[in-house]
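Have the structure open while you read.

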Amino acid sequence: MIIEPKTRGFICLTAHPKGCEQNVMNQINYIKERPVANGPKKVLVIGASTGFGLASRITAAYGSNAATIGAFFEKPPTEGRPASPGWYNSAAFEAQAHKDGLYAKSINGDAFSNQVKAQTIDLIKADLGEIDLLVYSLASPVRTHPDTGQRFKSVLKPIGSTFTNNTVDFHTGEVKNISIAPGSDQDIKNTVAVMGGEDWQMWVNQLKAAGVLSNDFKTVAYSYIGPSLTEAVYRKGTIGRAKDHLEATAFNIADALKDINGQAYVSVNKALVTQASSAIPVIPLYISLLYKVMKEKGIHEGCIEQIERLFNARLYAENLELDEAGRIRIDDWEMRHDVQAKVLELWNNVTTDTLPKLGDLKGYETDFYNLFGFKVDGVDYKKDVNEMVEIPGLQ
Ligand code: NAD
Ligand code: NA
């Protein structure tokens, strides 16, 4: 079929298998030139199909020849209806990995559930024996608690008072004011239940109890901080409470891993266009100004550049360069003083009329379409494609 983008607000309902494949190949090629010395060998990635998790899987596999198991929650294709992009990404990754003689298998299901955890542990026991790295890169708006069956919904709201600021509709380029009413205590609890550290801890506990963690095992989860501009809706909002919880969980996990000399870290990553971040108000406008500034300074990175730097310059390097709160910082270039000062200056002058000049709305839009395999260089979108693509290592 011919597949075209069908957008509804900040989501796209279709995805292009060839575009997704090209994105994956570009990431593989980037990593092939940047091997990771003393990198991981047997890796489990939770949230492995898109964004930072996919980049982590590719970096482990092509940076240090790691066997990878990916867990994710993606929609398979049906006749005439394309799959979700993470499905096509995983299909492309595993097909190429198998060609290159790399072990790569995956589990598609709810990683919050006990069932997916048990299935993953069985697969590790059967095929790998143990893992030496767990990357936790799950981003979800909902979680069903595995023990109680309770369903939690996360929200993106400020805490305490209404937040009013500029945002952009990146399809039209219209800059307008939005006000977001504060979340309730229940909203905070729900958001922490979904995006906090409880599930990460459960994964590590169950993997450890099953005896499938190697000596010197490492685990890393991803967080975000960002500037004061977005603080009210992000770091000091409901999602920020979840990130506080995730970051605190790293220390609990590290304690639980002492007997196997294990380590647990949170890496604070840069703001990037992903399915998760395009849903957050204010962030798209911030990102389009940030991209402009970072590209001009020659320090712009996407997911693969970020994760390559995480592995090569932090996780598997001599010095993790932890901050005062014990976190890895690969948002260091985003947070640079000169970068933030320039973004703030642009922010104060941005309107619908000035945005095309001041910001990188084009870059934002292209990245958004690229997430779904559209507007990717080198792909012929007029050509018929088979939407019924299989993931070769799917269990
Ligand atoms: P993403 O939306 O690209 O990826 C989310 C992944 O989680 C996908 O693989 C998806 O299939 C998987 N997933 C969702 N629900 C699932 C479930 N129930 N079971 C199994 N898998 C499930 O998101 P991302 O932006 O790469 O985010 C990953 C992490 O990085 C998040 O913790 C996010 O907060 C963090 N982070 C993101 C940014 C950013 O700007 N995008 C910046 C810093 C940190
Ligand atoms: Na290294």
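Predicted model: local features only at pLDDT ≥ 70, side-chain atom pairs only at ≥ 80, totals over all residues.

Residues are numbered from 1 along each chain as its sequence is written, chains are lettered from A and ligands numbered from 1 in the order in which they are written, and side-chain values use heavy atoms, with hydrogens and water left out.

**Ligand 1**

Ligand 1 is surrounded by 29 residues, and the closest are S49, E74, A111, K243 and T274; a residue counts as near when one of its heavy atoms lies within 4 Å. That shell splits into 14 nonpolar, 11 polar and four charged residues. In this scheme Ala, Val, Leu, Ile, Met, Phe, Trp, Tyr, Cys and Pro are nonpolar, Asp, Glu, Lys and Arg are charged, and the others, Gly among them, are polar.

| Protein side | Ligand 1 atom | Distance |
|---|---|---|
| S49, polar side-chain atom | oxygen | 2.6 Å |
| F52, polar backbone atom | oxygen | 2.9 Å |
| G109, backbone N or O atom | nitrogen | 3.2 Å |

Taken alone, ligand 1 exposes 840 Å², and the protein buries 92% of that (Shrake-Rupley areas with a 1.4 Å probe). The elements giving two or more residues to the shell are α2 (51-64) and β11 (213-223); helices (H or I, at least four residues) and strands (E, at least two) are DSSP runs numbered from the N terminus.

**The sodium ion**

Ligand 2 is a sodium ion, coordinated by the O atoms of A37 and Y316 at 2.3 to 3.0 Å. Donors here are N, O and S atoms within 2.8 Å of the metal (3.2 Å for Na, K and Ca), and water is not among the atoms, so the site may look incomplete. The pair joins distant parts of the chain, 279 residues apart: A37 sits in the loop between α1 (17-32) and β3 (42-46), and Y316 in the loop between α10 (303-315) and β13 (328-329). A37 is exposed at 53% relative accessible area, whereas Y316 is buried at 16% (buried is under 20%, exposed over 50%, partly exposed in between, with a 1.4 Å probe and protein chains only).

**A glycine and a glutamine**

G129 is in the loop between α4 (114-128) and β6 (131-136), partly exposed at 35%. Its C-alpha is 6.2 Å from that of V212, 83 residues away along the chain. Leaving out residues up to four places away in sequence, G129 touches I124, G211 and V212, with contact meaning heavy atoms within 4.5 Å.

Q340, in helix α11 (residues 337-347), is buried at 14%. Its side chain reaches the backbone oxygen of E334 at 2.8 Å. Beyond its neighbours within four places in sequence, Q340 is in contact with P227, Y286, L290, E334 and M335.

**Which residues have a positive phi without being glycine?**

Most residues other than glycine have a negative phi. D216 in strand β11 has a phi near 70° and is partly exposed at 44%. E321, in the loop between α10 and β13, has a positive phi of about 50° and is partly exposed at 46%.

Notes: Polar contact = N/O pair within 3.5 Å; in protein donor to acceptor, adjacent residues only side chain to side chain.
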